[in-house]
Amino acid sequence: MKQEKDNDIDRMVREKLISKGVSELTNSELLSVVLGKGNKGESALSLAEKLLSQNKNSLTEISLQPVSKLRMFAGIGIGRAVQVATALELAKRRQLEETVNVEHVNSKDDVVVYFKPKLAELHYEEFWALYLGPTNRVLDRIKISQGGVASTIVDNRLIIKRAIDKLASSIIIVHNHPSGNCSPSESDKTITMRLAQAASFFDIDLIDHIIITSGECFSFKGEGLL
């Protein structure tokens, strides 16, 4: 009897999707469809609700979990863990396809719109540089380095050389914090000050350093640190 009730719950979710459209489903309902089935004595919807509740009710938080960890949750197993990871990765890639290709930078928001989908959910740090012309037109965007969970190596000489090669008049540097804490570390502050000083010798302005996370983002310029 309990199994039949669970099947009825999951069937009602699918019928809701068909009759009202996928956009009308809650996150837990969508996740239950991806899971396909629950466990013995538990509906897929109930399983989805538990998976969400143990991940801060956040699809982003679930997407950060490796398949090896997802598969252990409530006996989901490798098959359903792969289904969940694949669905969330597809959602991420769709968002990337819709990302505006910024050609001019007028504010911090322009930089965040471009880089947040690329960097916010990475498990490691990436450091990028935007090279701008006199009217803040983007001349180029280059990944400078890729590091570990807490740091990455930044070569100021490489950044400045590329700025000269591109005839850039200013630079914006961007990196992510996988921890989710957008506050700059002492290392971030040191890198910023040293790069600003090095750039000034060539009449190139470092106009901002932006730290990307899945939540708030930090602007050195916005906080009066540049």
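Predicted model: local features only at pLDDT ≥ 70, side-chain atom pairs only at ≥ 80, totals over all residues.

Colleague: Good. Which residues of H3 are buried?

Modeller: In H3, residues 44-53, the buried ones are Ala 44, Leu 45, Leu 47, Ala 48, Leu 51 and Leu 52. Buried is under 20% relative accessible area, exposed is over 50%, and partly exposed is in between, with a 1.4 Å probe and protein chains only. Helices are DSSP runs of H or I with at least four residues, strands are E runs of at least two, and both are numbered from the N terminus.

Colleague: And where do they sit around the axis of H3?

Modeller: The buried residues of H3 fall within an arc of 160 degrees seen down the axis, so they line one face of the helix. The arc is taken from the directions between the helix axis and the C-beta atoms.

Colleague: What about H2, which residues are buried there?

Modeller: Ser 28, Glu 29, Leu 31, Ser 32 and Leu 35 are the buried residues of H2. They cover an arc of only 165 degrees around the axis, which puts them on the same side of H2.

Colleague: How do the axes of H2 and H3 cross?

Modeller: The axes of H2 (residues 27-35) and H3 come within 8 Å and cross at roughly 120 degrees. Those axes are lines fitted to C-alpha atoms, for helices over the stretch in contact, and angles run from 0 to 180 degrees between N-to-C directions.

Colleague: Which residues make that contact?

Modeller: From H2 there are Asn 27, Ser 28, Glu 29, Leu 31, Ser 32 and Leu 35, and from H3 Ala 44, Leu 45, Leu 47, Ala 48, Glu 49, Leu 51 and Leu 52. Contact means heavy atoms within 4.5 Å.

Colleague: Tell me about Ser 28. Buried or exposed?

Modeller: Ser 28 is buried, at 13% relative accessible area. Not counting residues up to four places away in sequence, Ser 28 touches Leu 45, Ala 48, Glu 49 and Leu 52. The Ser 28 side chain also makes a polar contact with that of Thr 26 at 3.1 Å. A polar contact is a pair of N or O atoms within 3.5 Å; within protein, one must be able to donate a hydrogen and the other to accept it, and residues adjacent in sequence count only if both atoms are side-chain atoms.

Colleague: Switching to backbone angles, what is phi at Lys 56?

Modeller: Lys 56 has a positive phi of about 60 degrees although it is not a glycine. Lys 56 lies in the loop between H3 and H4 (59-63) and counts as exposed at 68% relative accessibility.

Colleague: And Asn 136, where is that?

Modeller: Asn 136 is in the loop between strands S1 (126-132) and S2 (138-146). Its phi is positive too, near 65 degrees.

Colleague: Last one: what does Asp 188 touch?

Modeller: Leaving aside neighbours within four places in sequence, Asp 188 is in contact with His 175, His 177, His 209, Ile 211 and Phe 220. The Asp 188 side chain makes a polar contact with the His 175 side chain at 3.2 Å, and reaches the backbone nitrogen of Ser 185 at 3.0 Å. Asp 188 is in H9 (residues 186-200) and is buried, with a relative accessible area of 6%.

Technical notes: Residues numbered from 1 in each chain as written. Heavy atoms only, no water.
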